[in-house]
Amino acid sequence: MKILNTQQMREADAHTISAEGITSWQLMERATTKLFEWIKEHLPKERTVTVLAGTGNNGGDGLALARMLIADGWQVNIYLLCFSEHLSPDCQQNKELLEAQGIAIAEIRAEQVNNITFGKIVIDAVFGIGLNRPAPKWIQQIFGNLNDSNSYILSVDMPSGLPTERIPSPEEIWVHPHQVLTFQAPKLPLFLPSTGCYIRKWEVLNIGLDEHFLKTLHPDFYYLESDIQQLQRRRAKFSHKGTYGHALLVGGSYGKIGAVVLSGTAVLRAGAGLLTVAIPQCGYNILQTALPEAMVLTCEEEKHYKTAEIPFTPSAIGVGIGWGTHLETASALFGLFQQYPDTPFVIDADALNILAQHPEQLKTLPKDAILTPHPKELERLIGKWDDDLHKLTKAKAFAKEHKVILLIKGAYTMITDGEKYWINSTGNAGMATAGSGDVLTGMLTGLRAQGYSAVEAACLGVFLHGLQGDRAAKKIGMERLIARDLL
């Protein structure tokens, strides 16, 4: 699913109006009808509804929705927040329709902020996607009162006061809704940690914008949904284990061999035909016992990894899990880069920390390597950022400069190839548990070993990893979920 910015949404609206020969008011009626149908299906009719409308087109949506709810027998109170004395034409038309029916609209100005009584349900239709500056202070006071109320809050298109293309300052107050119903495409702030954490649920309402025009748009962000699973390849009847690649997993140190067990199991569960793990000697008995499907190579060191001879040509290499940052381990990492410059790599954990300690070695990164840092590892790689948007800009620039695929882990894990982003839709807070990242590294390595491209493996692996987490959480609960459940 494409994640459209403000300009693209406006262009899509305008093109639809022109192509279909309709008015902007008719398009607003179409969108509002979708809102009305959702509310009828999901919310109790016996509860009083408060509509907070602004003076722009988002407010027009709110007034149109109030009209439809009243016609259907709902108890509705309407407040028009007059931050401007001039209403947009469509908002004005909806206001006149309500007044012609004798429906009261309370006009609220700065000195009347305490004159609003919130019902059990509040429809937030004050600002839409066009807001690019902080809301007036008196409007922010209303938003604060609303957030502190016990009302169920439903925001139309975007939470009012939340800008679409910048991060609000900590002092800004914006609506924290229980539900957002956004038109046609999701908006980026829904996915960012600093803003998305205040948005409990969201849903896209298809308002019928011109599909042919939407196909011509090329946004910077895409949302991964279940159709990504179409990338999964069917196994040929006469295939054999060699058909599906021989993965090499390099990792482990004293006390952290479990990470290799988890990751190695995930390599095989992801479909790789063969797996060899290269580890320090302390892990030999553990791996032979816990993962009998894997072949095991050990280096000469007992507790940390030092270069081991690899007697085959790997189809893909996963490196760094449970590894430590010993100088000899660092040397082994750069030796692997030098020995296998054209082999697909998945780089995780301490391999990333070693790179951060030796930034001069970033130029040796194999092309199309997949890097899977957690937030602190990401910061060590790309440096500190000012806010979430700055982080995304720096991460994309890093991926482009070094020609790698970079994952930004989180509630919505993001994947960039240096040109665009893919945002994952699966996963849950139960996956914030030790070893979850090791499983992901194994899955990605297993997919790369089978010949999936770096972007395909990253998108498919992250989606399936989260999907398995969702299945496990549904079965046993998020609190009980551990990394083995993802296998």
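Q140 touches P134, A135, E171, E172 and I173, leaving out residues up to four places away in sequence; a contact here is a pair of heavy atoms within 4.5 Å. Q140 is found in helix α5, residues 137-148. Helices (H or I, at least four residues) and strands (E, at least two) are DSSP runs, numbered from the N terminus. With a relative accessible area of 4%, Q140 is buried. Buried means under 20% relative accessible area, exposed means over 50%, and partly exposed is what lies in between, with a 1.4 Å probe and protein chains only.

A word on the model before going further. It is a predicted one, in which local features need pLDDT of at least 70 and side-chain atom pairs count only at pLDDT 80 or more, while totals for chains, interfaces and linings use all residues. Residues are numbered from 1 along each chain as its sequence is written, and side-chain values use heavy atoms, with hydrogens and water left out.

**Rings and charges**

The structure holds 11 aromatic pairs. Rings of Phe, Tyr and Trp (its six-membered ring) pair if their centres lie within 6.5 Å; planes under 30 degrees apart count as stacked, over 60 as edge-to-face and the rest as tilted. F127 counts as buried at 9% relative accessibility, and F143 counts as buried at 0%. Elsewhere, ring pairs link F191, W202, Y223 and Y412 into a cluster.

| Charged residue | Ring | Distance to ring centre |
|---|---|---|
| R233 | Y452 | 4.1 Å |
| K303 | Y254 | 4.5 Å |

**The annotated site**

For "binding site", an unreviewed UniProt entry lists N58, D124 and S160. UniProt positions are given in the numbering used here, feature names are shortened, and annotations may be inferred rather than shown by experiment. Although spread over 103 residues of sequence, the listed residues cluster in space, with a largest C-alpha distance of 9.3 Å. From this set, N58 is in the lining of the second largest pocket. On a 1 Å grid over the protein atoms alone, a pocket is an open set of points where a 1.4 Å probe fits, with protein on both sides within 12 Å along at least five of seven lines; lining residues have an atom within 4 Å of a point.

N58 lies in helix α3, residues 57-71, and counts as buried at 6% relative accessibility. Apart from residues up to four places away in sequence, N58 touches D124, A125, V126, F127, G128, V156, D157 and S160.

D124 lies in strand β5 and counts as buried at 1% relative accessibility. Leaving aside neighbours within four places in sequence, the contacts of D124 include N58, S155, V156 and S160. The D124 side chain makes a polar contact with the side chain of S155 at 2.6 Å. A polar contact is a pair of N or O atoms within 3.5 Å; within protein, one must be able to donate a hydrogen and the other to accept it, and residues adjacent in sequence count only if both atoms are side-chain atoms.

**An enclosed helix**

Helix α11 (residues 349-357) is largely enclosed by the rest of the structure, because 7 of its 9 residues are buried. These are A349, D350, A351, L352, N353, I354 and L355. They pack against β13 (316-319), α10 (327-339), β14 (345-347), β15 (370-371) and α12 (375-382).

**Backbone notes**

Most residues other than glycine have a negative phi. Q184 has a positive phi, near 70°; Q184 lies in the loop between β7 (179-183) and α6 and is buried, at 11% relative accessible area. K403 also has a positive phi, near 55°. K403 is found in the loop between α13 (388-402) and β16 (405-408) and is exposed, at 53%.

Terms used: Lys NZ or Arg CZ within 6 Å of the ring centre and 35° of its normal.
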